[in-house]
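Subject: Structure handover and notes

Dear colleague,

I am passing on the structure we spoke about, together with my notes on it. Please look it over alongside the text below.

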Amino acid sequence: MILNETHTLANGHAIPKLGLGTWFIEDGAAARAVPAAVEIGYRNIDTAQAYGNEHGVGKGVRSCGVPREELFISSKVAAEIKDHRKAAAAIDASLTELGLEYLDLMLIHSPQPWDDWRGGSYAEGNREVWRALEEAHREGKIRSIGVSNFQRQDLENILSACTVAPQVNQILLHIGSTPDDLLLYCEEHHLLVEAYSPIAHGEILRNTEVAAVAERYSVTVPQLCIRYALQLGTVPLPKTTNPEHMRSNAQVDFVISDSDLEFLRSLKITDYGTFSRFPVFSGK
């Protein structure tokens with residue numbers, strides 16, 4: 001069962017191959033969703049300062065009945081923070097909000113603030129935030145550190161100055177949006193890729209080509225999407241508060257053929273409907 005399988009990060013720490021995303025889950029719902037997911041078998045829970053639900057996620061972690069050391073909890077420094085002092089304070093604030101002594105993973109949420117997505121250069125600011133993550137890592141507050149939404153040039157900026165290399169890059173990846181060059185670069189530099197919105201924030205459910213492939217395997221479209229991300233060697237983070245969907249999302253014990261995998265990899269989805277207003281879905 002996929003919920004029992006792990007990858008090993010470059011620093012030797014294990015990370016479960018399938019996680020629960022919590023973007024767009026409000027605080028109270030997160031406090032209920034986390035124990036439900038843990039009861040089903042999830043051990044990897046992802047949140048962020050920007051989600052506004054760290055308190056609820058932490059409450060769910062503390063009430064789920066599973067020892068803390070058996071869980072893998074991630075958060076992210078807000079994209080707008082681009083200096084060392086604010087980043088150090090934000091890391092401590094996340095731990096306080098979550099009510100946890102340490103995080104398994106902390107990421108820089110984006111190389112640019114959201115209001116300047118893929119805009120100006122924040123190279124120095126990102127290096128300063130990274131320095132704060134390295135310090136928290138040395139102090140035992142964070143066990144692994146990484147980035148999110150970073151492209152090759154953003155990763156090169158960190159790698160050129162770091163004392164601890166990033167172990168993770170969490171990016172938008174799903175059928176119809178597969179950044180092959182970035183995946184290869186991350187693999188070459190021993191960065192595990194996490195795939196957020198592996199079901200394209202729901203837009204993929206309307207794609208008839210993907211539905212036809214799913215039907216041939218007698219699986220749902222979300223199951224096909226999650227299996228696709230898994231076979232690319234990434235850690236998918238599907239978001240849901242519905243326990244039945246959590247169970248279904250973990251029922252991916254099938255293999256997509258090489259030919260179908262290449263077909264799915266060739267698809268392009270650029271219209272995210274009403275969600276296109278969000279920077280990560282803007283196409284920049």
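What follows goes from the overall build to the pockets, and then to a few individual residues.

Please keep in mind throughout that this is a predicted model, and that the values below were computed from it.

Overall build

The protein contains 10 helices and nine strands, and its C-alpha atoms fill a box of roughly 55 × 45 × 35 Å when the box is taken along the principal axes. The radius of gyration is 18 Å, which agrees with the value near 19 Å that a compact globule of 284 residues would have.

The largest pocket has a volume of about 690 Å³. It is lined by 33 residues, of which Trp 23, Phe 24, Ser 197, His 201 and Lys 239 are the closest to its centre. Helix α9, which covers residues 243-249, gives the most to this lining, with three residues. Sorted by class, the lining of the largest pocket consists of 16 nonpolar, 14 polar and three charged residues.

The second largest pocket has a volume of about 520 Å³, and among the 24 residues that line it, Leu 172, Ser 177, Pro 179, Val 280 and Lys 284 are the closest to its centre. The lining here divides into 12 nonpolar, eight polar and four charged residues.

Is His 190 buried or exposed? With 59% relative accessibility, His 190 counts as exposed, since the cut-off for that class is over 50%.

Helix α2 and strand β4

In helix α2 (residues 54-63), the buried residues are Glu 54, Gly 56, Val 57, Gly 58, Gly 60 and Val 61. What covers them includes α1 (27-40), β3 (44-46), β4 and α3 (84-98). Just after α2 comes Gly 65, which takes a positive phi of about 85°.

Strand β4, one of the elements that cover the buried residues of α2, spans residues 72-77 and contains Ser 74. This serine counts as buried, at 0% relative accessibility. Which residues does Ser 74 touch, if those up to four places away in sequence are not counted? They are Ile 45, Asp 46, Thr 47, Leu 103 and Leu 105.

With best regards

Notes
Residues are numbered from 1 along each chain as its sequence is written. This is a predicted model: local features need pLDDT of at least 70, side-chain atom pairs count only at pLDDT 80 or more; totals for chains, interfaces and linings use all residues. Side-chain values use heavy atoms; hydrogens and water are left out. On a 1 Å grid over the protein atoms alone, a cavity is a set of points where a 1.4 Å probe fits but cannot get out, and a pocket is an open set with protein on both sides within 12 Å along at least five of seven lines; lining residues have an atom within 4 Å of a point. Grid points are joined across faces, edges and corners, and a volume is the space filled by probe spheres set on the points. Helices (H or I, at least four residues) and strands (E, at least two) are DSSP runs, numbered from the N terminus. Ala, Val, Leu, Ile, Met, Phe, Trp, Tyr, Cys and Pro count as nonpolar, Asp, Glu, Lys and Arg as charged, and the others, Gly among them, as polar. The radius of gyration is taken over C-alpha atoms; the globule rule is 2.2 Å times the number of residues to the power 0.38. Buried means under 20% relative accessible area, exposed over 50%, partly exposed in between (1.4 Å probe, protein chains only). Contact means heavy atoms within 4.5 Å.
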